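The following exercises are to be worked through with the sequence and the model side by side. Each task is followed by a solution in steps.

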Amino acid sequence: MKATGIVRRIDDLGRIVIPKEIRRTLRIRESDPLEIFTDREGEIILKKYSPIGEMTTFAKQYAESLSQVSGKTALIADRDQFIAVAGGSKGLLGKSISKDLEEKLTNRETSVSSKGEKGFIEIAKEQGEEPSQQVISPIICEGDVIGAVVLLDNEGKNKMGDVEKKLVLSAAAFLGRQMEQ
């Protein structure tokens, strides 16, 4: 654990303020759920809660299936990082999503785009090799955006279109409904 040197008091309602610098660094936004842990030494640990993170194994299997059906790289992300990658770009697993992808999710935008087009974005902070095409759809659960399904193509032989868009939309809808149960 890393000491910050910041000390806060608990108010009369039992609340403590997480400093703005820490929230910014850890990308904790207002209304983000936090999971609370305690250990034997009396430490309290706050961890950003990812509802879709509980489905990591299922998400990985779904990404593998999506990749096999489409022949493309399939990724599933929560609101902070990629939790499942199949069909290539394995280096993205665990990487933080980009600000541009975060913005698309916040706006509940589904997009199909090729490199050089207006809607084409960098999907990860440290992406490495940039794909030639991408399809992105938010995962929505009980009215809240909880993540994204992304399909990438590095070859660019055939332009991705309605078929890939429908695949990604149905994957996102299915994952969203699974989280509601």
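**Exercise 1. Classify L75 by its accessibility and describe its surroundings.**

Step 1. L75 counts as buried because its relative accessibility is 0%; buried means under 20% relative accessible area, exposed over 50%, and partly exposed in between, with a 1.4 Å probe and protein chains only.

Step 2. The model is a predicted one, in which local features need pLDDT of at least 70 and side-chain atom pairs count only at pLDDT 80 or more, while totals for chains, interfaces and linings use all residues. Residues are numbered from 1 along each chain as its sequence is written, and side-chain values use heavy atoms, with hydrogens and water left out.

Step 3. L75 belongs to strand β3 (residues 73-78). Helices (H or I, at least four residues) and strands (E, at least two) are DSSP runs, numbered from the N terminus.

Step 4. Leaving aside residues up to four places away in sequence, L75 touches F82, A84, V85, L92, I123, A148, V149, V150 and L152; a contact means heavy atoms within 4.5 Å.

Step 5. S89 is 14 residues from L75 along the chain, and their C-alpha atoms are 8.9 Å apart.

**Exercise 2. Determine which residues of α3 are buried and what they pack against.**

Step 1. Helix α3 spans residues 99-106, and its buried residues are L101, E102, K104 and L105.

Step 2. These residues lie on the same side of α3, because they cover an arc of only 160° around the axis. The arc is that of the directions from the helix axis to the C-beta atoms.

Step 3. K99 and E103, on the other side of α3, are exposed.

Step 4. The packing partners of the buried residues of α3 are β4 (82-86), β5 (111-114), β6 (133-141) and β7 (144-153).

**Exercise 3. Describe the largest pocket by its volume and lining.**

Step 1. The largest pocket holds about 1000 Å³ of space. Its lining comprises 24 residues, of which T4, I18, I22, I44 and L46 are the closest to its centre.

Step 2. On a 1 Å grid over the protein atoms alone, a pocket is an open set of points where a 1.4 Å probe fits, with protein on both sides within 12 Å along at least five of seven lines; lining residues have an atom within 4 Å of a point.

Step 3. β2 gives the most, with 5 residues.

Step 4. The lining consists of 16 nonpolar, 3 polar and 5 charged residues. Ala, Val, Leu, Ile, Met, Phe, Trp, Tyr, Cys and Pro count as nonpolar, Asp, Glu, Lys and Arg as charged, and the others, Gly among them, as polar.

How values were computed:
Points joined across faces, edges and corners; volume = space filled by probe spheres on them.
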